[in-house]
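Have the viewer open and follow along.

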Amino acid sequence: MGIKIVIVDDDRTTLAIMEKTLIMKGFWVYSARDGEEGFELIKKEKPALVISDMLMPKIHGFDLCKKIKRSDEHKNTKVILMTAVYKSNLALKHEAKECGAEDIMNKPLDMNLMLNKIYAILDISQDDLENNKDDFDPED
């Protein structure tokens with residue numbers, strides 16, 4: 001089975017670009033449009049990584065990250081937060097670390113930077129994913 005990633009973002013364009021990029025790289029990708037739906041998807045799919053926007057309907061990205069990290073079942077799930085509103089500064093990075101996020105990215109996303117962060121956080125390479133490239137089935 002491939003490496004699962006859940007993306008949580010209320011912006012359809014961002015979701016579409018991220019989904020296409022990650023699926024083409026061999027990840028199994030699932031997406032949600034708000035934090036509540038995202039957490040339900042995380043419980044169901046048990047992904048290796050969650051990439052979540054910070055300003056989300058229903059559950060803010062920081063709060064979603066805290067829920068993931070405080071859950072016995074999901075505490076080892078890696079989290080990357082992304083933002084278009086907040087710009088990187090020390091307070092933001094500190095808050096991201098406080099909620100347990102592994103990293104934070106600014107929007108608009110640099111897809112190459114995002115992929116490099118994902119590979120580093122999951123301790124994998126593109127070669128590790130090659131065998132999973134054509135096996136994506138979101139119904140599994």
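Over which residues does pLDDT stay under 50, and how many contacts beyond four places in sequence does the model have for them? The stretch is residues 136-140, and the model has 10 such contacts for it. Please keep in mind that this is a predicted model.

**Confidence along the chain**

The average pLDDT of the chain is 87, and 87% of the residues score at least 70. Strand β1 (residues 4-8) is where confidence is highest, at a mean of 98. Helix α4 (residues 90-99) is where confidence is lowest, with a mean of 74.

**Backbone details**

Now to the torsion angles. Most residues other than glycine have a negative phi, and most peptide bonds are trans.

Lys46 has a positive phi, near 50 degrees, although the residue is not glycine. You will find Lys46 in the loop that runs between α2 (35-45) and β3 (49-53). Lys58 also has a positive phi, near 75 degrees, and is likewise a residue other than glycine. Lys58 sits in the loop between β3 and α3 (61-70).

The peptide bond that joins Lys107 and Pro108 is cis, with omega at about 0 degrees. Pro108 belongs to the loop between β5 (103-106) and α5 (111-122).

| Residue | Relative accessibility | Class |
|---|---|---|
| Lys46 | 46% | partly exposed |
| Lys58 | 62% | exposed |
| Asn106 | 28% | partly exposed |

The cut-off for exposed is over 50% relative accessible area. Lys58 counts as exposed because its relative accessibility is 62%, whereas Lys46, at 46%, counts as partly exposed.

Asn106 lies in strand β5. Along the chain, Asn106 and Thr83 are 23 residues apart, yet their C-alpha atoms are separated by 5.0 Å.

**One face of α3**

Which residues of α3 are buried? They are Gly61, Phe62, Leu64, Cys65, Ile68 and Lys69. Looking down the axis of α3, you would see these buried residues fall within an arc of 160 degrees, so they line one face of the helix.

How values were computed:
Residues numbered from 1 in each chain as written. Predicted model: local features only at pLDDT ≥ 70, side-chain atom pairs only at ≥ 80, totals over all residues. Heavy atoms only, no water. Helix = DSSP H or I, 4+ residues; strand = E, 2+ residues; numbered from the N terminus. Buried < 20%, exposed > 50% of the residue type's maximum accessible area, 1.4 Å probe, protein only. Arc of directions from axis to C-beta. pLDDT = per-residue confidence, 0-100. Contact = heavy atoms within 4.5 Å.
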